[in-house]
Amino acid sequence: MRKVLVTGGLGYIGSHTAVELQEAGFEVLIIDDLSNAELNVLDGIVAITGTRPHFEKIDLRVKNDVEDFFRRNKVDGIIHFAASKAVGESVENPLLYYENNLHTLNYLLQQCVKHNIDNFIFSSSCTVYGQPDELPITEDAPVQPAMSPYGNTKQISEEILVDVCHASNLQAISLRYFNPIGAHDSTEIGELPKGTPQNLVPFITQTAVGLRDELSVFGDDYPTPDGSCIRDYIHVVDLAEAHVIALQRLFDKKNEQDYEVFNLGTGRGSSVLEVVNAFEKVNSVKLNYKIVDRRPGDVISVYADTSKAAEVLGWKTKKTMEEALESAWRWEKKVRNKQ
Ligand code: WQD
């Protein structure tokens, strides 16, 4: 049974990917520093798959601890999620992001080279495209100057991977996510942002469940059909499945280059107000919201050209945004014991 290390594996996308990896027959090891995840997410994974991943609480910024992990554990592949990911926080505290998102990648890759771990999947983001000139966005779209230190760490990370793949036997795939939403159908795992949610859908579900008074819609004066920003909202389970397919591609040595990039989106753009209306409709709830000023740094519209992932990976999304919003609501109610 091949062993896969999932860093940040108790986080939102990491935990959903750990489940899909186990269900695909891989042995999963998880490293997480619990800075943005709860240890009981492990119980959720076990509740779904019946198998408890090997877990170690490690801060990947501590080089000796990273070296020690790899001295004690042999793995065949790595899916690297562990990183700080709040755009606004990165603007206020850039050094936290440059340390936590880049030093950790370097220490992991040093171990890959040392221990001949040649299969590496990197969690990247559509944020590297900035505000693209053309929509939908293909992987060939130019990487624009980052709009935040968070986005810059994703761009720099991808450049590091290119160089290391060129200089070693490492084979890597960067997966550029659009906007992950929703929860596993079992509601055993889901999105659990610490503090005030930065992202739209957890703020919506926390408002609907009464934890927040009202949702602020950041602007309705954009050059879009209804004036609110457009994004590509992808069900987190679809996203997780893509990681398994990408890793299998490397294990099977089907990759055509040492370093490959894929957009992971639905190919469909939805505005903030469309998401709000869809949430209300699919869950038969009324959402309290108001229109406020634009949020600095927001791009007007981004959504994916999904043809490369479809043609090369043989992957495309199966779940709709409505299914994601329905699962997100069920999860929120369960977390707040409001079934
Ligand atoms: C979506 C839309 C907001 C909250 C970021 C990162 C990306 C990834 C996902 C980590 C925007 C609007 C939001 C709210 C709102 N991060 N909004 N009220 O900014 O597209 O992407 O998070 O992996 O890399 O860039 O996601 O959910 O914050 O915002 O109106 O309370 O919802 O203005 O138009 P975003 P988001």
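Predicted model: local features only at pLDDT ≥ 70, side-chain atom pairs only at ≥ 80, totals over all residues.
**Entry 1. A loop and its cis bond**

I began with Pro-136, which sits in the loop between strand E5 (119-125) and helix H6 (149-167). I looked up the peptide bond from Leu-135 to Pro-136 and found it cis. Its omega is near -5°.

**Entry 2. Positive phi**

Next I checked backbone torsions in two other loops. Leu-34 is not a glycine, yet its phi is positive, near 60°. I placed Leu-34 between strand E2 (27-32) and helix H2 (41-49), in the loop there.

Lys-253 also has a positive phi without being glycine, with a value near 55°. Lys-253 belongs to the loop that runs between helix H8 (236-251) and E11. Is Lys-253 buried or exposed? I noted a relative accessible area of 64%, so Lys-253 is exposed.

**Entry 3. Strand E6**

I turned to the strands. How many of the seven residues of E6 are buried? I counted seven of the seven, so the rest of the structure largely encloses E6. From E6, Gln-171, Ile-173, Leu-175 and Tyr-177 point one way. Ala-172, Ser-174 and Arg-176 point the other way. Residues on both faces are buried, Arg-176 included.

I then looked for the partners of E6. E5 pairs with E6 in the parallel sense, over seven bridges. In that pairing, Asn-119 stands opposite Gln-171 of E6. E6 (residues 171-177) also pairs with E11, again in the parallel sense, over six bridges. There, Ala-172 has Tyr-259 of E11 as its bridge partner.

**Entry 4. Strand E11**

I ran the burial check on E11 (residues 259-264) too. All six of its six residues are buried, so E11 is largely enclosed by the rest of the structure. Tyr-259, Val-261 and Asn-263 point one way from the strand. Glu-260, Phe-262 and Leu-264 point the other way.

Which side chain does the side chain of Asn-263 contact? I found a polar contact with the side chain of Tyr-129, at 2.6 Å.

**Entry 5. The ligand shell**

I listed the residues around the ligand and got 20. The closest are Ser-125, Leu-200, Ser-216, Arg-231 and Asp-298. By class, I recorded 10 nonpolar, six polar and four charged residues in the shell.

Which elements supply the shell? Helix H7 (200-208) and strand E8 (215-218) each give at least two residues. E8 gives the most, with four residues.

I then read off polar distances to oxygen atoms of the ligand. For Arg-231, a polar side-chain atom is 2.6 Å from a ligand oxygen. For Ser-125, a polar side-chain atom is 2.7 Å from a ligand oxygen. For Leu-200, a polar backbone atom is 2.8 Å from a ligand oxygen. On its own, the ligand has 690 Å² of accessible area, and the protein covers 91% of that.

**Entry 6. Cysteines**

How many disulfides does the whole structure hold? My search found zero. Cys-126 is in no disulfide, and the nearest cysteine sulfur, in Cys-229, is 12 Å away. At 8% relative accessibility, Cys-126 is buried.

The cut-off for a disulfide is within 2.5 Å. Cys-165 has a relative accessibility of 1%, so I marked Cys-165 as buried.

**Entry 7. A span along the chain**

Last, I looked at Leu-250, in helix H8. Its relative accessibility is 1%, so Leu-250 is buried. I took the C-alpha distance from Leu-250 to Gly-297 and got 35 Å. The two residues are 47 residues apart along the chain.

How values were computed
Residues numbered from 1 in each chain as written. Heavy atoms only, no water. Buried < 20%, exposed > 50% of the residue type's maximum accessible area, 1.4 Å probe, protein only. Near = heavy atom within 4 Å. Polar contact = N/O pair within 3.5 Å; in protein donor to acceptor, adjacent residues only side chain to side chain. Areas by Shrake-Rupley, 256 points an atom, 1.4 Å probe, with all protein chains shown as cover. Nonpolar A, V, L, I, M, F, W, Y, C, P; charged D, E, K, R; others polar. Pairing = 2+ DSSP bridges.
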